[in-house]
Amino acid sequence: VQLQAYGGGLVQAGGSLRLSCAASGRTFSNYAMGWFRQVPGKEREGLSCIGVSGATHYSDTVKGRFAVSEDNAKSTVYLQMNSLKPEDTAVYYCGAALFCSTTSPEGYDYWGQGTQVTVSS
């Protein structure tokens with residue numbers, strides 16, 4: 001599976017962004033899709049995941065602010081980010097895995113290249 005994440009950018013605190021992750025290659029619907037983020041010097045942090053069944057999962061950090069969704073016809077998963085905070089500044093990655101997880105990136109077999117999100121105060 002090849003993944004391409006895009007949609008990052010610069011936004012003011014309190015604003016919104018929608019990230020997209022387009023998949024190609026193997027059957028998109030066979031994989032759980034997760035969103036992670038990483039800042040320099042820190043481990044990759046799990047944010048959200050949407051399973052094969054469509055069930056969604058969120059970390060406590062983003063629950064209520066972020067929403068994950070998918071369009072199987074377009075083989076694309078989205079991360080709608082609202083009420084953004086400066087501490088949300090990071091490189092955001094999408095990943096594909098057999099099982100949904102927001103606790104560890106280890107189960108993810110495929111990753112997109114990352115897209116930078118910068119939230120100004």
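Thr118 touches Gly9, Leu10, Val11 and Thr89, leaving out residues up to four places away in sequence; a contact here means heavy atoms within 4.5 Å. I begin with this residue, and then turn to the chain as a whole.

Before that, a word on the basis of this talk. The model is predicted, with local features needing pLDDT of at least 70, side-chain atom pairs counting only at pLDDT 80 or more, and totals for chains, interfaces and linings using all residues. Residues are numbered from 1 along each chain as its sequence is written, and side-chain values use heavy atoms, with hydrogens and water left out.

Thr118 is placed in strand E11. Helices (H or I, at least four residues) and strands (E, at least two) are DSSP runs, numbered from the N terminus. Phe99 lies 19 residues from Thr118 along the chain, and their C-alpha atoms are separated by 29 Å.

Let us now consider the whole chain. It has zero helices and eleven strands. Buried residues make up 42% of its 121 residues. The C-alpha trace spans about 40 × 30 × 25 Å along its principal axes. Of the contacts with a separation of 6 or more, 56% are between residues 24 or more positions apart.

How many residues does the largest nonpolar core have? It has 27, and Met33, Trp35, Leu79, Met81 and Tyr92 have the most contacts inside it. Such a core is a set of buried Ala, Val, Leu, Ile, Met, Phe, Trp, Tyr and Cys residues joined through side-chain atoms within 4.5 Å. Among the elements that give two or more residues to this core are strand E1 (2-6), strand E4 (32-38), strand E8 (76-81) and strand E11 (115-120). Another core, of five residues, lies apart from it and includes Ala32, Cys49, Ala97 and Tyr108. Met33 itself, leaving aside neighbours within four places in sequence, is in contact with residues including Leu3, Cys21, Phe28, Val77 and Tyr108.

I turn next to the loops. Gly14 sits in the loop between strand E2 (9-12) and E3. Gly14 is exposed, its relative accessible area being 53%. Although Gly14 and Val119 are 105 residues apart in sequence, their C-alpha atoms are 8.7 Å apart in space. Beyond residues up to four places away in sequence, Gly14 touches Ser83 and Leu84.

Ser83 belongs to the loop between E8 and E9, and is partly exposed, with a relative accessible area of 41%. Which backbone angle of Ser83 has a positive value? Phi is positive there, near 50°, in a residue other than glycine. Most residues other than glycine have a negative phi. Ser75, in the loop between E7 and E8, also has a positive phi, of about 50°, although it is not a glycine.

Definitions and conventions
Buried < 20%, exposed > 50% of the residue type's maximum accessible area, 1.4 Å probe, protein only.
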